[in-house]
Amino acid sequence: MTSGGIRTSVKAYINEQRLASLAVNHENNQGINTHLAPLAEATMAAASSNSYGLCDGNMPCLPILSSAAKSCEANQLPPAADTISVNGQPLTPEELRLLQSCPNPPKKLKPGNYWYDKICGLWGKEGQKPSEIISPHLCVGGGMKENASNGSTQVFINGREITKVELWVLQLVGVDCAGNPHFWVTEDGTYQEEGMNCIKGSIWRMVWFLRMHSFII
């Protein structure tokens with residue numbers, strides 16, 4: 001290949017990289033989940049046409065993904081089961097599939113340690129307050145520990161000591177938390193004190209009402 005041909009190939013490579021990076025950034029800004037298929041097709045087409053020159057005189061040079069493409073969340077491989085721990089126990093591949101295919105799975109699941117209340121569906125990162133409610137009664141991970149969310153309120157929900165934020169929400173919606181009670185909360189949000197056979201109301205319904213009226217975020 002002549003020096004002029006090499007310069008042309010290098011320019012074509014740089015232009016392709018810029019276009020790929022701009023496309024990825026545009027998709028990210030729009031919040032659209034993209035896939036590598038278009039980029040792969042462009043790569044194969046470029047390789048077949050040898051527009052990037054020859055590495056060793058025979059094999060075509062394939063473009064290197066831009067840093068934006070590598071970091072794009074949509075382009076990341078799904079987490080491996082053993083990188084996710086629920087209630088102190090690493091998941092098996094079967095448990096991960098169950099967790100991801102349930103009617104209401106955790107959003108944006110990433111490798112890490114999580115706690116899960118299998119009775120009512122509360123879910124959060126280990127040592128932190130709940131972040132969402134997922135499908136309950138899933139046979140994944142171990143048993144939830146008392147200190148799963150690192151609470152310090154002496155008020156308990158399904159055996160877990162709740163956090164100060166949770167206590168504030170309970171008090172805001174009118175739940176009597178005097179005397180450090182232990183509550184059982186079911187998947188529909190109904191609650192009662194341990195040892196009592198009297199449902200006192202629905203926490204989810206009360207929280208939903210306050211959200212609808214902009215009293216809480």
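Mentor: Let's start with pairing: two strands pair if DSSP finds at least two bridges between them. Strands (E, at least two residues) and helices (H or I, at least four) are DSSP runs, numbered from the N terminus. Our model is predicted, so local features need pLDDT of at least 70 and side-chain atom pairs count only at pLDDT 80 or more, while totals for chains, interfaces and linings use all residues. Residues are numbered from 1 along each chain as its sequence is written, and side-chain values use heavy atoms, leaving out hydrogens and water.

Trainee: How do you know that strand E1 and strand E3 pair?

Mentor: Three bridges join E1 (residues 84-86) to E3 (residues 112-116), and the definition asks for at least two. The two strands run parallel, and Ser 85 stands opposite Asn 113 in E3.

Trainee: What is the order of the five strands in the open sheet?

Mentor: The order is E2-E1-E3-E4-E5, with mixed pairing. E2 and strand E5 (132-133) each have a single partner strand, so one side of each is left without a neighbour in the sheet.

Trainee: Why is Leu 91 called buried?

Mentor: Buried means under 20% relative accessible area, with exposed over 50% and partly exposed in between (1.4 Å probe, protein chains only). Leu 91 has 4%, so this residue counts as buried. Its place is in the loop between strand E2 (89-90) and helix H4 (93-101).

Trainee: Which residues does Leu 91 touch, not counting those up to four places away in sequence?

Mentor: Among them are Ala 81, Leu 96 and Val 140; contact means heavy atoms within 4.5 Å. The C-alpha atoms of Leu 91 and Ala 81 are separated by 5.3 Å.
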